[in-house]
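Dear colleague,

I am passing on to you the structure we spoke about, together with some notes on what turned up in it. Please look through the model first and then read on.

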Amino acid sequence: MHESLKTLALAAALCALAACEEPARLTSAPPPPSQSPAVRDLGLGGTTYLGTLGGRQMVVASINNNDVALGYADDPNGNWSAWTSTDGAPMVAGPSYLQGIGLADVYAINDAGDIVGLRYRLGAPASAFIAHHDGTIIDVPAPSAPTDPLDVGSQAFAINSRGDVAGAYVDAAGTMHAALWRNGTTLEELGALPGMACEARGINDADEVVGTCTSEPDGDEQRPFYWSEATGMKDLGLLGAAVDINNAGVVTGYAVYDSRNESETFLWTRADGTTMVAPPTGYDQMLPEAINDNGLFVGWCLTSAGAGRACAGSADAGTWIVSDFGEQASNILSVNNAGVGLGFIRMPDAPARAVEWHLVPPGTTDATSPVITPTITGMLGLGGWYTSNVSLSWAESDPESGVSSTSGCDNVVVDQDTPSTTFTCSATNGAGLTGQGTANIMRDATAPTITFTGNAGTYTVDQHISITCAASDATSGLANSTCEDVSADAYTLALGTNTISATASDVAGNVARATTSFDVQVTFASLAALTDQWVSNAGVASALDAKLSAAAAAAASGNQHAAAGELGAYVHQLEALTGKKIDADKAAILERLVAAL
């Protein structure tokens, strides 16, 4: 293995200290930290043991902002697998989308649930992988690999919300290269400091990357670096290592002072440079492991005698010991934005146990409940109504004692119309205070319904047309409508196709448009029917009907000339009767209709 993979050696040392050798049998359960006055006095907001998979060994890895903790452990038969724990619940084997990965270590999980780790194969170097939450597992590519199948070819240490991965690979010549994999697939080499080999350890959502470069070939000197697309690789000017960077661009790591065999945490930004944070009183070193977006960093602190304790810190509060109640060792390896730290505690003569700490600076008092903020996303219509699918998410925060538990705060998608649905999210902080947030969602994505009834489709001129238009809306209610009923004698409308239209809108702003059409036709029979209605003398009407009947017979036989003659005779007689046996306006209508035959 490449000598510069100091992080692997450090991880192995931590593993040995924490859990990975064969532990002595547990003779008595350690007292829960939440019941220890020493722990409470240190300002903890609450401590939760995450249990086991039934075996005696475990490793903790990472916790995301959805409070999903990740690690790997053995079962009663000695078989190792990944585990997760959500909201402090006991760990369970999984997630399911890691099934089939084979022997592997897991290192980090992002908020989407994508996991990176190291995959082992017989006869080939171990290599990095990404297990996406949709079940897709891909190997992180490297341009070359070591020739020794027992070596590590590539490592993926961190993954951001975009699915970009920070890590390193070792080429066939044994040289290590710091690497960024865009979306886990496209390799971008980050360069190196002069005479050094480098590995990337942390990445934020802006694809700013940090890590450590180690001198070649002796490995005696380590220097932290920062990389961005704009700056390239930048030496931070310290001896030590950079381990993480948050979304505010704050880098954390440790600086080593060989002259006094001590180390201090450093914080670095492009704008302000380096700020040193001393370890707690009585401790010689603090080795940070992670930093959240609020500037809270976590790790472990060491005395000159080698006692290691979980500790935390910030630029404002300094550093403090989180756990000190007689354990052999404790450490915090990851922290999310709610201040929940994931680590382990190992009591003397007992296996290590995974723990979540709800981190609170010492001396902090918290008299306020958590703040809960809903975020509603969707197409907003009128009057507070949404006219599309609506997504609801929650943000719970408590800067004093952190959020220790939540209820009803899962993300929700409202994909059905509802006049009003209220959702409630509750959160409890480390001081035991509970806050509640509510969100009321009204969804109407359905336009009003417009219905035409009574349309026969085809009418002759002697018929009456009666069509009803009705508009309605089932959810938000009808706001306005242009619906009008049709009630008319067919001869009053244009011959041929007639179309009527209507629009309607609901309170939410959805608009519906609808039409219906019908045909008005004139026939010899319908014209005769109108003649009978309007000619006051039955005998005269019968004479006119006879001419129409003769015209119909001639047209049916194909003798259009004879038909035209009969219709002409009809019109001449009609004109002679106008004002005497038939009103002038009615006679005009009959003449218009005759012309259409």
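Predicted model: local features only at pLDDT ≥ 70, side-chain atom pairs only at ≥ 80, totals over all residues.

I began with strand E24, which runs over residues 308–314 and is mostly covered, with 7 of its 7 residues buried. Gly308, Ala310, Ala312 and Ser314 point one way from E24, while Arg309, Cys311 and Gly313 point the other way, and the residues of both sets are all buried.

On one side of the pairing, strand E23 (residues 297–302) and E24 are antiparallel and share 6 bridges, and within this pair Cys301 stands opposite Arg309. E23 and E24 form a hairpin with 5 residues between the strands, and there Gly306 takes a positive phi near 90°.

E24 also pairs in the antiparallel sense with strand E25 (residues 318–321), here over 4 bridges, and Ala312 has Trp320 of E25 as its bridge partner. These two strands, E24 and E25, likewise make a hairpin, with 3 residues between them.

The serine is Ser85, which lies in strand E4 (residues 80–86). Ser85 counts as buried because its relative accessibility is 1%, and the cut-off for that term is under 20%. A polar atom of the Ser85 side chain lies 2.4 Å from the backbone oxygen of Ala89. Leaving aside residues up to four places away in sequence, Ser85 touches Leu50, Asp67, Val68, Ala69, Pro90, Met91 and Glu356.

With best regards

Note on methods: Residues numbered from 1 in each chain as written. Heavy atoms only, no water. Buried < 20%, exposed > 50% of the residue type's maximum accessible area, 1.4 Å probe, protein only. Pairing = 2+ DSSP bridges. Polar contact = N/O pair within 3.5 Å; in protein donor to acceptor, adjacent residues only side chain to side chain. Contact = heavy atoms within 4.5 Å.
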